[in-house]
Structure formats: C-alpha cells, structure tokens
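Please open the model in your viewer and keep the selection panel at hand.

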Amino acid sequence: MKTEVSTAASFVARLLRATGYLSEDLLKEFTHSLEEALAEHYQHHWFPQAPCKGSGYRCLRINHKMDPLIGQAACTIGVTREQLFSLLPSELTMWVDPYEVSYRIGEDGSICNLYESTPPVPTNANTTDMVSCKEELRFGRPSPSNSFMMTVSS
C-alpha cells in the first residue's frame, strides 16, 4: 500500500507545484500529511487479493467539492479548502487500488495510469484472471456465461 499511497500523494503535490503557489517545504509537508491520511483511511479497506473490493472507498474525488482527505492535508499546511480548490482541477478522480493508481481529469477525460504493477501469482494454483478496476470502468464487467439467457417480453 505504501507505494500506491505515495504515488497518489505525490501526484496531487505535482498538480499543486505547477501552480507555483506553495513552497517546496510546504509541498513536502502536504505530501507527507496526505500520505498519512490515506494510509490511515485505507488501513482496513485494502484487499490485495481482490483489488477492486473497496475501490469506491479509496477513490479520491474533487467534483465541485474538495475531497475531505486532500482538504485535511491542506489544512495541516495552512491552506484553506477554498484556496486548494482554486489550485486543483475542479473535476479530478483518482483511484488508489492495490497494484494500480490511476486518475481522470474532467468527467469525460481519459483514464491515465500513474502506477501499475503485476500482482504476485498465488502459490495455490487456482488462479483466475484479475481485471483491474480501471479495466472494468473502460470495458465493463465480463459478460455472463453462455448458459445465461435473457428474455424480453412485450
């Protein structure tokens, strides 16, 4: 979880760095504070065996409201949520999942990967293909099996 949390916090800090509003010292403090907040928040909602489980809980979202965890980290360095909102995109979604961190700016933006790694192969050979949360968003869940029949009546 440490790599994923660090990647997410560093990305938000890079967005802030681009504005030129905060000093490097404040950005480091913000990043550290956000990493701690995310790690604590995700502590009981991190499932490496089922990366999509809890994905909604781990989603960071700015959508005309500031994500509470990002806002909390900003408050620790004396930046108000309003100031932070003016510095970050008004619509940002970030998914922090085991083995993958991705984001989207805007409702219709492309989903971009910040970090991706391959999950370890379990030693008990009953493996199934794991679909990442991002892939489920892009392509939807797999279709039902061929034995499933849908009927429509009028």
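Select S10 first. In this predicted model, S10 is partly exposed because its relative accessible area is 25%, which lies between the 20% limit for buried and the 50% limit for exposed. The residue is found in helix α1.

Next, display the largest nonpolar core, which has 33 residues. Highlight F30, L34, I70, L88 and M94, the residues with the most contacts inside this core. Colouring by element then shows where the core comes from: α1 (2–19), α2 (24–42), β1 (59–63), α3 (68–75), α4 (81–87), β2 (91–97) and β3 (100–105) each give two or more residues to it. The largest share, eight residues, comes from α1. In soluble globular proteins, nonpolar side chains tend to be buried together.

Centre the view on L88. Which residues are in contact with L88, leaving aside its neighbours within four places in sequence? They are V12, L15, L16, I62, M66 and I70.

Finally, switch to a cartoon of the chain. Five helices and four strands are present, and they follow the pattern α-α-β-α-α-β-β-β-α along the sequence. Of the 154 residues, 38% count as buried. Among contacts between residues at least 6 apart in sequence, 56% join residues at least 24 apart. With the surface turned on, the accessible area comes to about 9,600 Å², and carbon and sulfur atoms account for 53% of it.

Methods: Residues numbered from 1 in each chain as written. Predicted model: local features only at pLDDT ≥ 70, side-chain atom pairs only at ≥ 80, totals over all residues. Heavy atoms only, no water. Buried < 20%, exposed > 50% of the residue type's maximum accessible area, 1.4 Å probe, protein only. Contact = heavy atoms within 4.5 Å. Areas by Shrake-Rupley, 256 points an atom, 1.4 Å probe, with all protein chains shown as cover. Core = buried A, V, L, I, M, F, W, Y, C linked by side-chain atoms within 4.5 Å.
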